[in-house]
Amino acid sequence: MSWLWAIIVGLVLGLIAKAIIPGKQQIPLWLTAVFGILGSVLGNTVATWIGVNDTRGIDWIRHLLQLIGAVAVVGVGDMVYASMKGNRQRT
């Protein structure tokens, strides 16, 4: 069941990240979910490093870090995907 939640949260975070990033992203929906999951893991890692991974109540700081991680991963991933897709079409 935890994998299902990871996929759902990754998809939601990825879609929010795509909405935050200006312009149109070229990545497909499945890659958005994967990048969202990776961003969530990155945000959780940073939250653990700074000691806010488990607090009383809702972990707003951890969730914000997950969103920031998703925005970063989706942004970089979209650039890499677009450059790979562009190179593939040129050859």
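This is a predicted model: local features need pLDDT of at least 70, side-chain atom pairs count only at pLDDT 80 or more; totals for chains, interfaces and linings use all residues.
How many residues does helix 2 have, and how far does it reach from its first C-alpha to its last? The legends below begin with the whole chain and then take up that question.

View 1. Residues are numbered from 1 along each chain as its sequence is written, and side-chain values use heavy atoms, with hydrogens and water left out. The protein holds three helices and zero strands, giving the pattern α-α-α along the sequence; helices (H or I, at least four residues) and strands (E, at least two) are DSSP runs numbered from the N terminus. Its C-alpha trace spans about 55 × 25 × 20 Å along the principal axes. Of the 91 residues, 33% count as buried (under 20% relative accessible area, with exposed over 50% and partly exposed in between, using a 1.4 Å probe and protein chains only). Among contacts (heavy atoms within 4.5 Å) between residues at least 6 apart in sequence, 62% join residues at least 24 apart.

**View 2. Helix 2 is seen from end to end.** Here is the reply to the opening question: helix 2 has 22 residues and reaches 31 Å from first to last C-alpha, close to the 32 Å expected at 1.5 Å a residue. That expected span is 1.5 Å times one less than the number of residues. The buried residues of helix 2 include Leu31, Phe35, Gly39, Gly43 and Ala47. Just after the helix, Gly51 takes a positive phi of about 85 degrees.

**View 3. Helix 1 meets helix 2.** Two packed helices are described by the angle between their axes and the distance between the axes. Here the angle is about 100 degrees and the axes are 7 Å apart, which makes helix 1 roughly perpendicular to helix 2. Axes are lines fitted to C-alpha atoms, for helices over the stretch in contact, and angles run from 0 to 180 degrees between N-to-C directions; angles under 35 degrees count as roughly parallel, over 145 as roughly antiparallel, 65 to 115 as roughly perpendicular and the rest as oblique. Among the residues that meet are Ala6, Gly10, Leu13 and Lys18 in helix 1 and Leu29, Ala33, Gly36 and Ser40 in helix 2.

View 4. Leaving aside neighbours within four places in sequence, Thr32 is in contact with Gly10, Gly14, Leu15, Lys18 and Ile27.

**View 5. The largest nonpolar core has 10 residues.** They are Leu13, Ala17, Ile21, Ile27, Leu31, Phe35, Leu67, Ala70, Val73 and Val74. Helix 1 (2-20), helix 2 (29-50) and helix 3 (60-90) each give two or more residues to this core, and the largest share, four residues, comes from helix 3. A nonpolar core is a set of buried Ala, Val, Leu, Ile, Met, Phe, Trp, Tyr and Cys residues joined through side-chain atoms within 4.5 Å. Not counting residues up to four places away in sequence, Ala70 touches Leu13, Ala17, Gly36 and Gly39.
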